[in-house]
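Look at the sequence and the model below.

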Amino acid sequence: MSRYRNVALFVALAAVWGSAFMAIKAGLDYFPPVLFAAIRYDIAGVLMLAYAVYATDRWRPRTRGEWRLVAVGATLLIAGYHAFLFVGEQYTTSAVAAVIISLNPVLTTGCARLLLPSERLTPAGIAGLLLGLVGVVVLSDPNPNNLVTSDVVGQALVFAAAGSFALGSVLTRRIKAELPIETMEAWSMVLGALLMHAISFARPSESLAAVRWTPEAIWAMAYLSVAASALGFLVYFDLLDRLGPIEINLVSYVAPVFAAISGWWFLGEVIDLTTVAGFLVIFAGFCLVKREALARELPKLRAVVSR
């Protein structure tokens, strides 16, 4: 039963997080992008904070280090990541956005090697990082005569989202704070939502008056806030304990499959060979960067799954 439970939860998480890219794309027809992300995390943040109060004995940060941890999470993991992602996805497909975001584990490893003294980037690791970047170039398929098309700009913004998340992931590891991850996520969501509201207010093109509260808009918001954010992170925490960080990173490489399928099914988006090729190159870069960790952890994964 444990074997089937782990596999089912892993696939469910990949499906929910992958189809979230489709829900973002659908919701952008009704919401200004940054305001859309801000309202999403207004809801998700309240839900996660309620869960932190219920599930932990440290439902709020107390020390200066804990607040620094939350500040990094709010700025880079929530506000920076989602502001870039939501604006960028206006100009690209769900599948392409999901594939670019799947570069996160590779970029995180690269940032760790640069910013953490204990980490060193081997020649093979450098090759893997460069291979991941090549995958993004393959995806964007830039035309030298016109490098500022909306597609390329959109993909560059999504890449900036991945970079923001990777940098935030590494900086949180440098901060010494014993804060439960549920509490850190909850407060990062709440404060990140406030930051995105400020960004949205500063953008002349965004206002609450521009929101169209249609059934489709409400569905997209509810799916992203409740299913992809609140419930998705609860499943993530459970699998993180059972499988470990290396294996759970593989969700990033299953999610684009569901992003492509849901985008095609609900929005009629085309899945082209360039997208598939870019995904394969990025995944090859991940395997190269994480080759030692994968070799070390895969036997453990087989043992967990076979229970």
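F279 touches V99, Y253 and P256, leaving aside residues up to four places away in sequence; touching, or contact, means heavy atoms within 4.5 Å. F279 is placed in helix α12 (residues 273-289). Helices (DSSP runs of H or I, at least four residues) and strands (runs of E, at least two) are numbered from the N terminus. At 17% relative accessibility, F279 counts as buried. Buried means under 20% relative accessible area, exposed over 50%, and partly exposed in between, with a 1.4 Å probe and protein chains only. F279 and P256 are 23 residues apart in sequence, and their C-alpha atoms are 8.3 Å apart in space.

The model is predicted, with local features needing pLDDT of at least 70 and side-chain atom pairs counting only at pLDDT 80 or more, while totals for chains, interfaces and linings use all residues. Residues are numbered from 1 along each chain as its sequence is written, and side-chain values use heavy atoms, with hydrogens and water left out.

**Helix α4**

How many of the eight residues of helix α4 (residues 94-101) are buried? Eight of the eight are, so helix α4 is largely enclosed by the rest of the structure. The buried residues are S94, A95, V96, A97, A98, V99, I100 and I101.

S94 lies in α4 and counts as buried at 0% relative accessibility. Not counting residues up to four places away in sequence, S94 touches F21, M22, K25, E89, A259, G263, L267 and E269. A98 also lies in α4, and with a relative accessible area of 3% A98 is buried. With the same exclusion of residues up to four places away, A98 touches F21, P256 and A259. A98 and G18 are 80 residues apart along the chain, yet their C-alpha atoms are separated by 6.9 Å.

**Pairs of packed helices**

Axes are lines fitted to C-alpha atoms, for helices over the stretch in contact, and angles run from 0 to 180 degrees between N-to-C directions.

| Pair | Angle | Axis separation |
|---|---|---|
| α4 and α11 (residues 251-267) | about 165° | 8 Å |
| α8 (residues 181-202) and α9 | about 150° | 11 Å |
| α2 (residues 33-55) and α9 (residues 215-243) | about 40° | 9 Å |

Angles under 35 degrees count as roughly parallel, over 145 as roughly antiparallel, 65 to 115 as roughly perpendicular and the rest as oblique. The crossing of α4 and α11 is right-handed. A crossing is right-handed if the near helix is turned clockwise from the far one by less than a right angle, and left-handed if anticlockwise. In this pair, S94, A95, A98 and V99 of α4 meet P256, A259, A260, G263 and L267 of α11. By class, the contact of α4 with α11 has seven nonpolar, two polar and no charged residues. Here Ala, Val, Leu, Ile, Met, Phe, Trp, Tyr, Cys and Pro count as nonpolar, Asp, Glu, Lys and Arg as charged, and the others, Gly among them, as polar.

The pair of α8 and α9 packs at about 150°, and α8 is roughly antiparallel to α9. Their crossing is right-handed. I181, E182, E185 and M189 of α8 make the contact with F233, F237 and L240 of α9. The contact of α8 with α9 divides into five nonpolar, no polar and two charged residues.

Are α2 and α9 oblique or roughly parallel to each other? The two helices are oblique, and α2 passes α9 in a right-handed crossing. On the α2 side, the residues in contact include F36, I39, R40 and Y51, and on the α9 side they include A220, M221, F233 and F237. The contact of α2 with α9 has 17 nonpolar, two polar and one charged residues.

**The whole protein**

The protein has 13 helices and zero strands. Buried residues make up 50% of its 307 residues. Among contacts with a separation of 6 or more, 90% are between residues 24 or more positions apart. The accessible surface comes to about 14,600 Å², of which 67% belongs to carbon and sulfur atoms; accessible areas come from the Shrake-Rupley method with a 1.4 Å probe, and for residues only the protein chains shown count as cover.
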